[in-house]
Amino acid sequence: MGTVEAANKDANGSLLEKNPSVVFVLGGPGSGKGTQCANIVQNFGYTHLSAGDLLRAEIKSGSENGTMIQNMIKEGKIVPSEVTIKLLQKAMQESGNDKFLIDGFPRNEENRAAFEKVTGIEPAFVLFFDCPEEEMERRLLSRNQGREDDNIETIRKRFKVFLESSLPVINYYDAKGKVRKIDAARPIEEVFETVKAIFGPKNDKVNHYVRLMSKLYMYKFHFVSKTKIGNHCLPC
């Protein structure tokens, strides 16, 4: 046990020596996070770590952990924090990079607190892709990627879990001024123009505008979520 703990400490120490820049990427299933992360990687040199992809790779490995993960995903539940964090740590350590997009994590407050405690890393900011539930459902059902969790029942469970679990995380980071909210219902190219304004070269006027628009979006997000959360609708 001591050996495992020592290995974890060594991994954390190596990560912190890099002084990594971490951006959490959040949004409902089908909000376009993966597509935009690919654009960010290509244009700004980040390493994209999808919590979902790492978990699916573990499922394919046939391990005991993989079987447990598969059963939880079928039920639309969230995988225990320690499982996902371990996979993320390993991927970060092996990447050789110091800039990371962590996609689909943290999904709840327990995830968030555990990540910061275990890794000692706080995100630079949270990129939140906001998209109406109807649009996300349409995208998921039409993408035909052969994923076992792309069926209508599981999709709706995932919507509900995302809404109920992610609100506290988004609110926590918004209180710290770290949420960049993006209207993800628009065409891919338009969404990426907004993304570029956030990740591009420092420009005080542009960054001030982005921060202002994010704050206005968040005011709307808080108001709509309070009035619609009982119906499990994502904020417009």
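Me: Are Lys181 and Asp130 buried or exposed in this structure?

Reply: In this predicted model, both Lys181 and Asp130 are buried. The word requires a relative accessible area under 20%.

Me: What makes the contact between Lys181 and Asp130 a salt bridge?

Reply: A side-chain nitrogen of Lys or Arg has to lie within 4 Å of a carboxyl oxygen of Asp or Glu. For Lys181 and Asp130, the N to O distance is 2.8 Å, and the pair therefore meets that limit. This pair links distant parts of the chain, for Lys181 belongs to strand E5 (residues 179–183) and Asp130 to strand E4 (residues 125–130), 51 residues apart.

Me: Which residues do salt bridges with shared partners join into one network?

Reply: The network consists of Glu109, Arg112 and Glu116. The closest N and O atoms of Glu109 and Arg112 are 2.7 Å apart, and those of Arg112 and Glu116 are 3.6 Å apart. Both distances are within 4 Å, so both pairs count as salt bridges. By this rule, the structure has 12 salt bridges.

Me: How do you know that about one helical turn separates Arg112 from Glu116?

Reply: Arg112 and Glu116 are 4 residues apart in helix H6, which means a separation of about one helical turn. Glu109 and Arg112 also both lie in helix H6 (residues 109–119), 3 residues apart, again about one turn. In general, an α-helix has 3.6 residues a turn, so residues three or four places apart point the same way.

Me: Why is Arg112 called buried, and why is Glu109 called partly exposed?

Reply: Arg112 has a relative accessible area of 8%. This value is under 20%, and Arg112 is therefore buried. Glu116 is buried as well. Glu109 has a relative accessible area of 29%, which falls between the limits of 20% and 50%, so Glu109 is partly exposed.

Me: How do you know that the span of helix H5 agrees with its number of residues?

Reply: Helix H5 (residues 81–95) contains 15 residues. The expected span is 1.5 Å times one less than the number of residues, which gives 21 Å for H5. The end C-alpha atoms of H5 are 21 Å apart, so the two values agree.

Me: Which residues of H5 are buried?

Reply: Among them are Val83, Ile85, Leu87, Leu88 and Met92. Just after H5, Gly96 takes a positive phi of about 80°.

Me: Why do Gly34 and Arg143 count as partly exposed?

Reply: The relative accessibility of Gly34 is 36%, and that of Arg143 is 27%. Both values lie between 20% and 50%, so partly exposed is the term that applies. Leaving out residues up to four places away in sequence, Gly34 touches His48 and Asp103.

Me: What makes Gly104 buried and Arg107 partly exposed?

Reply: Gly104 is found in the loop between strand E3 (99–103) and H6, and Arg107 is in the loop between E3 and H6. At 10%, Gly104 is under the 20% limit and is therefore buried. At 40%, Arg107 lies between 20% and 50%, so Arg107 is partly exposed. Not counting residues up to four places away in sequence, Gly104 touches Val25, Leu26, Lys33 and Ala51. With neighbours within four places left aside, Arg107 is in contact with Ile78, Ser165, Ser166 and Val169. The unreviewed UniProt entry includes both Gly104 and Arg107 in an annotation "binding site".

Me: Why are Cys37 and Cys131 called buried, and how many disulfides does the structure hold?

Reply: Cys37 has 1% relative accessibility and Cys131 has 2%. Both values are under 20%, so both residues are buried. The structure holds 0 disulfides.

Terms used: Residues numbered from 1 in each chain as written. Predicted model: local features only at pLDDT ≥ 70, side-chain atom pairs only at ≥ 80, totals over all residues. Heavy atoms only, no water. Buried < 20%, exposed > 50% of the residue type's maximum accessible area, 1.4 Å probe, protein only. Contact = heavy atoms within 4.5 Å. Helix = DSSP H or I, 4+ residues; strand = E, 2+ residues; numbered from the N terminus. Disulfide = S-S within 2.5 Å. UniProt positions renumbered as here; feature names shortened; annotations may be inferred.
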